[in-house]
Amino acid sequence: MSSLNKFLYKSTLPSSLQRVILEIMRASKYTAHAITTEETGKSGETNVQGEEQLALDMRCDEIFCNILSESELIASFASEEQENEVEINGENGKYSVAFDPLDGSSLLDVNGCVGSIFGIWEGNGFIGKKGKDLVASGYIQYGPRTTAMISFDGKTHEFTLCEVGEYQLTKQNISIDSIAKIFAIGNLRALPERPEYKKVLDYFLENKNTLRYAGGMVPDINTILCKENGIFTYPSHSEYPNGKLRLLYECAPMAQIMMNAGGNATDEEGENIEDIEIVQLHQRTSIILGSSSSVDDVVDILQKK
Ligand code: AHG
Ligand code: MN
Ligand code: MN
């Protein structure tokens with residue numbers, strides 16, 4: 001079995017990009033430790049999104065910020081937990097990294113699976129770029145095992161953190177079925193005001209699909225990638241008129257990971273997530289992601305076609 005290091009060395013990625021990926025994965029090891037040993041309580045602070053920050057949201061953010069700040073390769077980074085872009089080496093850096101240091105933090109107090117999500121772009125900064133410009137993306141899931149999906153060069157692969165702290169390749173070239181049998185239907189709060197979303201639920205039920213919903217973007221999408229089948233939906237509604245999930249450090253990386261596994265990822269109007277321009281660090285979008293023909297069906301239902 002290949003280690004992540006060896007898998008990267010054998011890839012066509014520039015060694016500088018390999019090193020950035022390995023730095024991010026180094027941060028994930030500290031994050032995995034913090035999650036299992038530190039308090040899951042509230043920090044008393046709120047982030048730029050007005051969301052209550054847990055102590056671990058801030059701790060995991062600090063881990064990623066510190067490790068990325070050490071690298072001469074980083075031009076700048078952006079975090080869910082930081083209001084503004086943080087410039088490290090600016091134009092002298094090679095890559096900019098956007099990350100959600102702790103995704104699904106509302107699951108910490110119930111000991112649910114949580115994760116970190118990252119996207120890597122070339123150059124300095126994010127505004128004006130798109131998900132299609134990502135040169136690598138990935139997430140880490142902190143569960144009974146620590147696993148990661150890392151995507152580059154048009155493919156998506158799974159790695160597992162083994163006992164000596166090494167990430168080992170555990171699944172190469174993930175490939176998603178085109179028709180979903182598993183569904184992760186998010187934001188059911190939208191049902192009362194969006195009867196067309198009720199039709200989406202009926203569509204899944206009529207197809208006798210299996211519900212797998214954790215309430216965390218990383219565990220919900222990880223189920224789809226590990227089973228190589230499924231669909232994740234998180235549409236907009238009055239509370240989140242543009243959707244809840246953030247384009248830069250949640251939806252754009254997840255879209256690349258899924259598309260490089262042969263799936264699809266659009267917003268509820270059917271626009272490819274990878275084509276949406278980043279105009280604001282914390283901009284939100286609706287997202288329908290997973291088995292490609294099921295994504296098309298859900299968008300058609302939502303668009304009342
Ligand atoms: P985060 O913990 O980084 O703020 O992300 C939470 C997101 C995402 O993980 C999940 O899909 C979604 O919030 C669920 O939101 P609701 O529980 O409000 O539906
Ligand atoms: Mn998140
Ligand atoms: Mn988060």
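This is a predicted model: local features need pLDDT of at least 70, side-chain atom pairs count only at pLDDT 80 or more; totals for chains, interfaces and linings use all residues.
Look for N187 in the loop between β11 (182–185) and α4 (195–206). The phi angle of N187 is near 55°, which is a positive value in a residue other than glycine. Is N187 buried or exposed? Its relative accessibility is 4%, and since buried means under 20%, N187 counts as buried. Another residue with such an angle is E228, whose phi is also near 55°, again positive and again not in a glycine. You will find E228 in the loop between α5 (217–227) and β13 (231–234).

Now step back to see how the chain is divided. The domain assignment gives domain 1, covering 4–171, and domain 2, covering 182–303. Taken over C-alpha atoms, the centres of these domains are separated by 22 Å. Where they meet, domain 1 brings 47 residues to the contact and domain 2 brings 33 residues. Between them an area of about 3,000 Å² is buried, and carbon and sulfur atoms give 57% of that area.

Next, turn to the metal ions. Which residues hold the manganese ion (ligand 3)? The coordinating residues are E80 and D100, through OE and OD, and L102, through O, at 2.2 to 2.3 Å. Along the sequence, these donors follow the spacing E-x19-D-x1-L. E80 sits in the loop between β3 (74–79) and β4 (86–87), while D100 belongs to strand β5 (residues 95–103), so that a pair 20 residues apart links distant parts of the chain. E80 and D100 are both buried.

How far apart are the manganese ion (ligand 2) and the manganese ion (ligand 3)? They are 3.7 Å apart, with D100 coordinating both.

From the metals, move on to the nonpolar side chains. In soluble globular proteins, such side chains tend to be buried together. In this model the largest nonpolar core has 44 residues, and I21, M25 and I120 have the most contacts inside it. Helix α2 (residues 15–37) gives the most to this core, contributing 10 residues.

Aromatic rings deserve a look of their own. A pair of them is described by the distance of the centres and the angle of the planes. How many aromatic pairs does a search of the whole structure find? The search finds 7. One of these is formed by W121 and F126: their ring centres are 5.7 Å apart and their planes stand at 90°, so the pair is edge-to-face. The cut-off behind that name is an angle over 60 degrees. W121 is buried, with a relative accessible area of 0%, and F126, at 1%, counts as buried as well.

Ring pairs also link F7, F152 and F159 into a cluster. F152 is in strand β8 and is buried, with a relative accessible area of 3%. Its contacts, not counting residues up to four places away in sequence, are F7, L8, S11, L13, V135, A136, H157 and N260. F152 and L4 are 148 residues apart in sequence, and their C-alpha atoms are 13 Å apart in space.

End the tour at G143, in the loop between β7 (134–142) and β8 (146–152). With a relative accessible area of 28%, G143 is partly exposed. G143 and G112 are 31 residues apart in sequence, and from C-alpha to C-alpha they are 7.5 Å apart in space.

Notes:
Residues are numbered from 1 along each chain as its sequence is written. Chains are lettered from A and ligands numbered from 1 in the order in which they are written. Side-chain values use heavy atoms; hydrogens and water are left out. Rings of Phe, Tyr and Trp (its six-membered ring) pair if their centres lie within 6.5 Å; planes under 30 degrees apart count as stacked, over 60 as edge-to-face and the rest as tilted. Buried means under 20% relative accessible area, exposed over 50%, partly exposed in between (1.4 Å probe, protein chains only). Donors are N, O and S atoms within 2.8 Å of the metal (3.2 Å for Na, K and Ca); water is not among the atoms, so sites may look incomplete. Helices (H or I, at least four residues) and strands (E, at least two) are DSSP runs, numbered from the N terminus. A nonpolar core is a set of buried Ala, Val, Leu, Ile, Met, Phe, Trp, Tyr and Cys residues joined through side-chain atoms within 4.5 Å. Domain bounds come from an automatic or database domain assignment. Contact means heavy atoms within 4.5 Å. Buried area is the accessible area (1.4 Å probe) that two parts lose on being put together, summed over both.
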